[in-house]
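Let's take a walk through this protein together. Have the sequence and the 3D view open side by side, and turn the model as we go.

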Amino acid sequence: MRKISLLKNSIQDYDWGSKTAIPELLGQAGPAEKPQAELWMGAHPKAPSQVYCEGLWRSLFEVITENPHEVLGREAAHKFSNKLPFLFKVIAAAKPLSIQAHPNQSQAKEGFTRENEMGIPLEAANRNYRDDNHKPEVICALTPFWALNGFRQVREILRLLGEIQVPLLVEPLSFLRDHSSRQGLKRFFNHLMTMEKAKQAKIVKETVAFAEKRTEEEPVWTWVAKLNEEYPRDIGVLSPAFLNLVKLEPRQAMYLPAGELHGYLEGVGIELMGNSDNVLRGGLTAKHIDVKELLSILNFSEIKLTILQPKRVASGEAFYPTGTAEFVLSIVEVSARSPFLGALKRSVEMMICTEGEATITDLGDGETTGLT
């Protein structure tokens, strides 16, 4: 397969998805019957795209397996063991997703092997590691996009949660005051996550009562109240007070490396990641939660969040710098008067049209492909 080809892609119907966002992006009439959360474009075994190849629709995973050098290019095929190294998604969050983190490469390999040896089926609800790959991510907003990413500065956590004056928070907050930021954050988070459910529910109740009176003062309290509506009594309701709360405007992006605790709250975006489905959850979900395993992979460092803006590299193209080997996310803008000419030497690429329409021309044979 040495040509530009169209893809048919799988949609994941998770309950936090939107019935309208993905259908509208795809130009489909009317809302979907079920919430559509993620559009997957790639070759992950769980839901590989179908590619139109030699007159047939075939699994992209199978096509790459049969002809890795042709599809990926020799350099990428060699570097990534004949596998597509990334997974490309549209995310449509009408409701908050779980608080979660992803393992690094060595953690993924060890965890995948361990769970295989334990005999846990790949699709089992209690499975943490569904493959042996890591999952660095970058998310770029198509609409205003609210999210959580990484631990706040300790002084900010102390200020926000100290205002509430909840007796059961006195001890975990003392860990933040009395220890280094890394050790203090680990003890603070471990204490919250392993506390008896009845105590967690009491903390949430008192925090929400405080938040509901102050929703106009800070977005933190607005989101605490909203999260409680979806996940009452879940200790993850407090997460906007100890994780960085961010609102991405369209075209802004943020990077999520391995081990960074995060969650998507609301909005539509393009997500590009390592080709993995490994997720360790900590709250705000009815799915499997493994606190012990999550604690073992987390980065317990204060972070000052960096919002990524696209950097122009050529006429019509700008990219988001992440330093990740597996992928580069870029925006290509064209008009009738300003076409974009790609570089001669290229690796495997995927493209989705998010606004307007465009025509791609293969300069090798002159064949055109329309995008809308």
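Predicted model: local features only at pLDDT ≥ 70, side-chain atom pairs only at ≥ 80, totals over all residues.

Residues are numbered from 1 along each chain as its sequence is written, and side-chain values use heavy atoms, with hydrogens and water left out.

Start with the overall picture. The protein has twelve helices and 18 strands; these are DSSP runs numbered from the N terminus, helices being H or I with at least four residues and strands being E with at least two. The radius of gyration is 22 Å, close to the 21 Å that the globule rule gives for 372 residues, so the protein is as compact as a globular protein of that length. That radius is taken over C-alpha atoms, and the globule rule is 2.2 Å times the number of residues to the power 0.38. Along the principal axes, the C-alpha atoms fill a box of roughly 70 × 50 × 40 Å. Of the 372 residues, 49% count as buried.

Now for the charged pairs. A salt bridge here is a side-chain nitrogen of Lys or Arg within 4 Å of a carboxyl oxygen of Asp or Glu, and the structure holds 14 of them. One is between Lys46 and Asp277, at 3.3 Å from N to O. Lys46 sits in the loop between strands S3 (38-41) and S4 (50-53), and Asp277 in the loop between strands S12 (262-274) and S13 (280-283), so this pair ties together parts that are 231 residues apart in sequence. Are the two partners buried or exposed? Lys46 is partly exposed at 34% relative accessibility, whereas Asp277 is buried at 11%.

Next, find Glu333 and Arg251, whose closest N and O atoms are 2.6 Å apart in another salt bridge. This pair also links distant parts of the chain, 82 residues apart: Glu333 is in the loop between strands S16 (329-332) and S17 (358-361), and Arg251 is in the loop between strands S10 (243-248) and S11 (253-256). Glu333 is partly exposed at 39%, and Arg251 is partly exposed at 38%.

Glu66 is partly exposed, with a relative accessible area of 48%, and Arg58 is partly exposed at 23%.

Patches are made of residues with over 30% relative accessible area and no salt bridge, joining like charges within 9 Å and nonpolar side chains (Val, Leu, Ile, Met, Phe, Trp, Tyr) within 5 Å. Asp15, Glu212, Glu229 and Glu230 form a negative patch. For charges, Lys and Arg count as positive and Asp and Glu as negative, with His and the chain ends not counted; each charge is placed at NZ of Lys, CZ of Arg, CG of Asp or CD of Glu. Asp15 lies in the loop between strand S2 (10-12) and helix H1 (21-25) and is exposed at 61%.

There is a nonpolar patch as well, formed by Leu6, Tyr52 and Trp57, with about 300 Å² of accessible area together. Such areas come from the Shrake-Rupley method with a 1.4 Å probe, and for residues only the protein chains shown count as cover. Tyr52 belongs to strand S4 and is partly exposed at 41%.

Finally, check the backbone at two spots. Which phi value does Ser81 have? It is near 55°, a positive value in a residue other than glycine. Ser81 is in the loop between helix H4 (74-79) and strand S6 (86-93), and it is exposed at 56%. Arg233 is not a glycine either, yet its phi is positive at about 75°. You'll find Arg233 in the loop between helices H10 (219-230) and H11 (239-242), where it is exposed, with a relative accessible area of 56%.

Notes: Buried < 20%, exposed > 50% of the residue type's maximum accessible area, 1.4 Å probe, protein only.
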